[in-house]
Amino acid sequence: MNDYGERQQFRLLETGTPVKVELDGINAPAALTHTDVVLFAPPRPTPQGFAQRLQSTLSLCVTEELQYRQDFLFIPVLVGAGAALWFSVASPPSDVVLLVSGLCVIPIAIITRHRQNALSFVLAILALLLLGMLLANWETRRVGTTVLDSAVTTTITGKVERREVDAKGYWRYTIALTSTSGPSLTRLPNRISLLSRSREQPIAVGSGITGKARLSPPSGPALPGLNDFAFSAYFDGIGATGFFYSVPKALPTQAATMDNVGWLETAGSWLYALRSAIAERIRSVIGGDAGAFAASIITDERRAISSETMEALRVSGLAHIVAISGLNMALASGIFFVGMRMVFSLFPGFSQRYPVKKISAFAALLMTFAYYLISGFAVSAERAWLMMSIMLAAVLVNRPSISLRNVALAAIVIIAVSPHEIMGPSFQMSFAATLALVAAYSFWSRWRGNRERLFIARPPFWMVASSKASAVIGGVVITSLIGGVSTAIYSIEHFHRITTYGLAANLAAMPVMSIIVMPSALIAMLLMPFGLDAPFLKLMGYGMAMVIDIANTVSSWGGDATIGRQHPWFLVVSTVGFLLLTLLRTHLALLGLPLILAGLVLVPLEQNKAKPDLLIYEDGVLVAFRTDQFVATTKRQAKGFVFDQWARAVPLPDNHVAPVMVDDNKAGEREDTAEPTPRRPAGLTDQQKQEVRDKMLLAFERTNGFSCQKNAWCAGRHESGVKVAVISNTALTGKACDVADIVVTSRFVPFSNCRSGALLISATTLRKTGSLELWLNEAGAPVATARAAMQDVARPWSIHRAYDWRSKTSDGEVPPHIETMLADRP
């Protein structure tokens, strides 16, 4: 009897119905036909009623899930959920409460883990959630990054740990800070990231560096619910960002300092120097965006790719190629593994005597590890390396290499080592794509195994060729479709956009990546130590240029749909549904579909809510009026990192109204930059203040637009009648309070509110609240509701906002009038 017949027989025996089973050559009694036999089983009572049938079906499905140990797959899910919960709440449990709870619950859960009852099930869930929270708490304390509290101009001295060039030829250095002068900082960040805006000869990794620089704390969310860059900077060990005012100077590294450096730090510096040298070699041989693109998929240095090319890759849905992810790692290791087996096949005597498959797998394991070492240790590369290592190790021990269990093991390792990664889009999108692909492969394997198939002993050539071609094309189509759909949830949540032509772009680009780019890259890297890599790098560059052409062509079609900021529960509900759909193997997986649909229903519901009328960035410089027809800002151009986030999240209309410049002499004008040059406010006479007051009153006659005087003030009136003044000269704050309803100042002022009753939002306030969005009402009662980006500044990555360097004390309280304004939620 064949396998299909056995499964059919035993499945139908459970219901007590007659079953026809093929004998496959077994002699049957004379009373039966020569091909069939009828077997009978005692009838089994079936439950009556829908509720009983449903209960019986659920019980059978749960039993099958447990028999196949699908519960193991939920271990990283629950541990990650605990970590995410700890990072998300404004006030997590105290260390004592968390530790005592873990010591009480986790041992009991381990003892009762074999009992199949509700109590052991609940205890296991609680134990894994507490374990995730403990890991998150431990990582936060272990990192302990000192974050700069406020912007400052100082002379820094330190050592270059990393460096990376951008598309303009500017170098960004990651510096281990040793000292500052003029002024000397009391809270010295351990590590800073500085941009040098000059195309000088770069300072080598490991060398000393000094120069006058502008330092600023890592920025918070651009709006409530958006990405907090201070969070990722804290766990990356970056305490400040900024730029050099002039060309930084190299300093000789002190011998005493070198003696105190451990071997691990020395090895890290050597690896980053090697990574930088490889990237420079690739860019110099290939050149242009193709060279920068090629360097990014080998060393993960992405800054050298021009903004136009990166935007084309994003719009076309090919941005995932830039990161070192499962695609790159799988292609590299797979090509190496298959290539070694092909080489061994040329020596049949050796191949018959030794396990060449395992030898090839072990060599591919070493190659994959080397790839990871020069990749910069990004989470996508870490996840891909762990996955490929587990798959290749499975080959060594004769175990299935592609399974959800391997994905779960990789997730467990990453969450245990770096729990904060679960909050980022890289972790979520890479694991979502991997889970979906592996789950689809498992489902397809089970489905094919349960069906009869037609086998032809000697099929004709045309049938073999067409079968192979359809398998390759179908595999690329299905893989691209599954990968795009599975990551759409997280693209909507984090980037507020979705690409509609990603399938077409991936269908065109994947063959180029698989046939030209990755094989050439692998051979070039193997030959680079011998100086024979140039021809293969050139061939790789041609492939990269083809991918860029594909991205530009597809992006020209449009297809970049802006979705907007999502409901707070969208990600949670959609992710739970996605995990149920991919991790379960029985009909219970269908429970994920209603949850995914519920998450999608939240998208239009959130977009139909009233949009904010006034947006204020945390620096107090960028302010915008929003209407249904246009957006008016205090900046001349509708571009920039912050504005782009606003445009996708709110979303903002395409029509931008620039400010009218007052007394603008045009001489010596600078374009708006992401980091304005700090200037000390000029002193003004009473007459000059009165003149400014009159100009503001004149500006308020213009509706839905700002009038500005450079480095002094901006003023505008919303269509609701609310008058807003944005002040960059402290001396003008009092006059602005007299004539405006809302006063926003980017400078420190000695008072917290206006005597006139106007709403004052100072730089001190914005440090504690972060960016603000306001729903305006009418003049006299200007703010109906408001939301702040920062819910609490007591967390380690935001506590620097409460520190005052003048008094050297911490105070996270906001002024009462701001607290009252934020109390009414929209």
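Start with the crossing of helices H3 and H15, which is left-handed in this predicted model. To find the pair, select residues 75–88 for helix H3 and residues 404–417 for helix H15. Their axes are 9 Å apart and meet at an angle of about 25°. Angles under 35 degrees count as roughly parallel, so H3 and H15 are roughly parallel to each other.

Now show the side chains where the two helices touch. On the H3 side, pick Ile75, Pro76, Val79 and Gly80. Facing them in H15 are Ala408, Ala411, Ile412 and Ile415. Colour this contact by class and you will find seven nonpolar residues, one polar residue and no charged ones.

In what order do its strands lie? Reading across, the order is S14-S13-S12-S11-S21-S22, making an open sheet of six strands with mixed pairing. For the two edges, select 656–657, which is strand S14, and 781–788, which is strand S22. Each of these edge strands pairs on one side only.

To see one of the pairings up close, click on Leu774 and then on Ala786, its bridge partner in S22.

For the last stop, keep S21 and S22 on screen and select residues 816–823. This is helix H26, which lies across both strands. Turn the view until you can compare directions: H26 runs at about 80° to S22.

Conventions
Residues numbered from 1 in each chain as written. Predicted model: local features only at pLDDT ≥ 70, side-chain atom pairs only at ≥ 80, totals over all residues. Heavy atoms only, no water. Pairing = 2+ DSSP bridges. Helix = DSSP H or I, 4+ residues; strand = E, 2+ residues; numbered from the N terminus. Contact = heavy atoms within 4.5 Å. Axes fitted to C-alpha atoms, helices over the stretch in contact; angles between N-to-C directions. Parallel < 35°, antiparallel > 145°, perpendicular 65-115°, else oblique. Left-handed = near helix turned anticlockwise from the far one by under 90°. Nonpolar A, V, L, I, M, F, W, Y, C, P; charged D, E, K, R; others polar.
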